[in-house]
Amino acid sequence: MRSVYTRLPGVLPFLALPAVLVAQQPAPQPPIKPEVVALTLKGIKSVDPDELLLSIATGKSHCTSFILAPICSFSKSRLFYRKQYLDHDELRRDVLRIRVFYWKRGFRETQVDTVVADRGTKRVAVTFDIKEGPPTTLSDSISVVQQNTVLSPREVSDRTLLKKGQPLNLLRLDSTVVFLQQRVWDKGYADAVIDTSVVLDSIARSAAITITIDPKWKATISDILIEGEDRLSERTIRKSLTFHSGQLFRRSDLLRSQRGLYESNLFRRASIEVPTQGDSTKIVVVTIQEAPPRDARLAFGFNTVDFFQLEGRFTHYNFTGGARRLEVQAAVGNLFAGTFNGKGLFHDVRTSLGADKARYFAPTYNASVNLRQPWFISSLNELAIGAFGHRRSAPGIYVDRGYGASATFTRTLLERASASLNYRFEITRIEAGDVYFCVNYSVCDESTLNALRGQQRLSPLIINSNIDRSNDPLEPNKGVRGNVEFEHASEFTLSDFRYNRAFGDGAAYYSLANNRVLAGHLRLGWVKASRTTKQAVGSLAGIDILHPRKRFYAGGSRSVRGFRENQLGPRILTIAETTLRKDTVGCPASKAITSCDPNSKRFSDIDFDPRPLGGNIVVDASAEIRVPVMLPTLFAAAFVDGGWVSQRINPTLPRSKAAITPGFGARYLSPVGPIRIDIGINPGRAEELPVVSEQIVNGERQLVTLEQRRRFQPARSGFRGVLDRMILHLSIGEAF
């Protein structure tokens with residue numbers, strides 16, 4: 001008989017099977033968390049509710065954008081709707097988070113209760129019932145004690161964010177200390193120490209704050225050590241710094257110098273450090289990692305007005321040493337204009353008059369060579385010289401050819417704020433139809449038109465100042481930008497065109513909750529031509545001549561978006577003689593063309609071509625809100641644009657025009673910048689506009705103005721009219 005022990009190895013697997021089966025039983029699933037369909041904050045009186053919501057973890061289910069609210073009302077797809085679920089552990093922590101939030105803002109007795117109410121199957125509503133309680137306030141103004149007086153009373157007052165009677169806001173107290181310390185450092189006290197003392201009276205619910213400033217000693221820079229240089233000379237690096245040995249030590253100089261090193265594009269990495277030194281002299285260590293000195297780029301794109309464009313750029317950041325920058329760039333536009341004109345998204349830029357046909361189909365170009373010398377005499381100065389050539393066109397307005405040279409002196413005034421003086425000498429020639437010169441200059445005879453089309457000197461002296469306090473060059477959501485420019489051209493500047501011109505442009509950006517952005521823009525311009533001399537333009541002596549490039553226009557993708565490019569402002573209508581004569585009843589060949597009726601039913605608005613005249617004065621303003629939708633890189637936008645353009649040259653022509661146009665659009669944040677689609681809503685109002693045509697007399701073409709004006713309203717009635725009033729703009733980059 002076999003022993004039981006000899007059978008044990010075969011029996012053991014079966015004996016262990018129950019234990020294995022028990023171990024393999026599935027773990028209990030955690031309970032399904034209910035969806036939070038409503039979240040209420042009760043009792044808030046002294047703080048911002050949106051700011052408080054950002055400080056807690058519990059949230060309610062919501063549509064990803066208010067624009068998608070109609071879709072979210074019947075669809076809860078994750079593409080449009082974001083669900084939030086209740087976590088009881090986080091809910092308990094949120095009670096503490098709210099109390100801390102209030103405590104930091106001076107409300108030290110705040111109490112918070114929570115209520116979770118059933119709202120159906122696995123759906124709840126959460127309420128935070130907040131009892132703020134009385135705040136702890138400042139019994140007196142903050143006392144700032146300086147062991148040595150280094151800050152004036154005004155400097156202290158401007159940087160003190162807490163006043164007598166206000167709640168004890170610790171966030172504002174910390175900011176006050178930081179502002180005071182930065183100001184002391186900027187005066188050269190690099191080792192200054194600032195202490196804060198807060199004395200609380202719990203019974204009176206009051207606080208007394210004392211800030212003590214010990215400036216210690218003024219510090220100077222004893223030496224500057226450069227590490228990591230390879231191709232660049234140490235002299236070039238030292239010149240790029242805004243501080244030098246023996247100078248008073250200021251931390252703001254270090255930050256400005258570090259930013260300047262990066263902006264030179266000569267370095268991949270640049271750090272400026274000060275090792276711990278407890279005396280009045282400081283050794284500054286500058287550590288760099290050099291970047292390639294050359295850069296080349298090629299780009300290709302299109303828009304609805306200029307068709308396809310090709311652009312190339314070459315930059316040498318250390319040309320012949322000394323951080324001199326050589327920039328060579330060229331751009332060609334209006335490519336394939338004849339093929340795509342008036343098709344799909346592209347505007348029709350043809351004109352009605354036969355002599356102007358296809359004038360704007362030719363390629364445009366812009367080429368320039370610029371040499372910039374930084375640190376000219378001073379580290380705050382820059383000198384630039386350049387040469388250029390171009391052929392530009394404004395659809396339906398003019399073709400502008402020119403070449404010349406320029407010199408610019410720029411000085412940095414403040415951080416990201418500069419002023420410049422520029423002189424630009426240019427030989428220019430305007431190519432435009434007779435209509436343009438006739439209606440703008442009141443010059444319609446052929447000999448004078450030929451003289452005006454000749455080469456002329458356009459040589460203005462320009463003073464420009466700009467500031468940029470925005471947080472992003474491509475997609476800003478905070479800060480401001482501004483630019484002011486004054487321009488003068490006269491005999492003194494060797495210019496045939498004589499005028500004075502002033503221009504201002506500004507934008508402001510505000511960051512709202514949930515990554516929303518509110519932006520505003522304002523553009524103002526004024527220009528006045530001076531009387532020309534006989535020597536300047538021959539037979540045009542004594543006429544106020546203003547170069548078309550110096551006029552102001554409004555309407556388009558970066559202006560009032562309810563209008564096509566340059567179409568807001570005084571305009572005229574042009575119509576070819578052959579088209580006008582097709583009304584054989586109202587305008588037969590035997591009838592003078594000037595007496596033809598442009599309002600005949602045989603004509604439609606598409607037979608007439610609106611021509612912008614430009615103006616002497618422009619006011620252009622916009623407000624826009626941008627809201628993220630679905631993806632972090634996709635934004636929806638709603639905007640309102642308004643503009644006014646007025647001309648003061650020819651009293652027989654329309655004097656001015658103004659309009660306000662709402663609209664909406666979308667932005668996709670691509671690596672090359674925001675890809676923007678905007679649809680502006682045109683008012684569609686009718687206008688009484690002058691009509692200009694042409695006639696042949698003794699074999700010569702003459703321009704004529706019809707006796708009657710046409711009632712021009714291209715927007716049709718009904719649903720088609722709604723589509724006519726929707727103006728589409730497609731481009732790269734924000735409108736402002």
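Predicted model: local features only at pLDDT ≥ 70, side-chain atom pairs only at ≥ 80, totals over all residues.
Local features are reported at pLDDT of at least 70 and side-chain atom pairs at pLDDT 80 or more, while totals for chains, interfaces and linings use all residues. Residues are numbered from 1 along each chain as its sequence is written, and side-chain values use heavy atoms, without hydrogens and water.

The protein has 14 helices and 35 strands, taken as DSSP runs (helices H or I, at least four residues; strands E, at least two) and numbered from the N terminus. Of its 736 residues, 42% are buried; buried denotes under 20% relative accessible area, exposed over 50%, and partly exposed the range in between, with a 1.4 Å probe and protein chains only.

The largest nonpolar core contains 22 residues, a core being a set of buried Ala, Val, Leu, Ile, Met, Phe, Trp, Tyr and Cys residues joined through side-chain atoms within 4.5 Å. At least two of its residues come from each of β10 (220–227), α8 (251–263), β11 (267–273) and β12 (281–290). Phe-243, Ile-272 and Val-286 have the most contacts inside this core. Beyond residues up to four places away in sequence, Phe-243 touches Ile-221, Ile-224, Asp-253, Leu-254, Ser-257, Ile-272 and Val-284, where contact requires heavy atoms within 4.5 Å. A second, separate core of 21 residues includes Ala-529, Phe-552, Ala-554 and Ala-659.

Five aromatic pairs were found in the whole structure. Rings of Phe, Tyr and Trp (its six-membered ring) pair if their centres lie within 6.5 Å; planes under 30 degrees apart are stacked, over 60 edge-to-face, and the rest tilted. The rings of Phe-101 and Tyr-102 have centres 6.1 Å apart and planes at 75°, so this pair is edge-to-face. Both Phe-101 and Tyr-102 are buried, and together with Phe-107 they form one aromatic cluster. Phe-603 and Phe-608 form another edge-to-face pair, with 6.0 Å between centres and 85° between planes. Phe-603 is buried at 6% relative accessible area, and Phe-608 is buried at 4%.

Val-145 lies in strand β7 (residues 143–146) and is partly exposed, at 38% relative accessibility. Val-332, in strand β15 (residues 325–335), is partly exposed at 31%.
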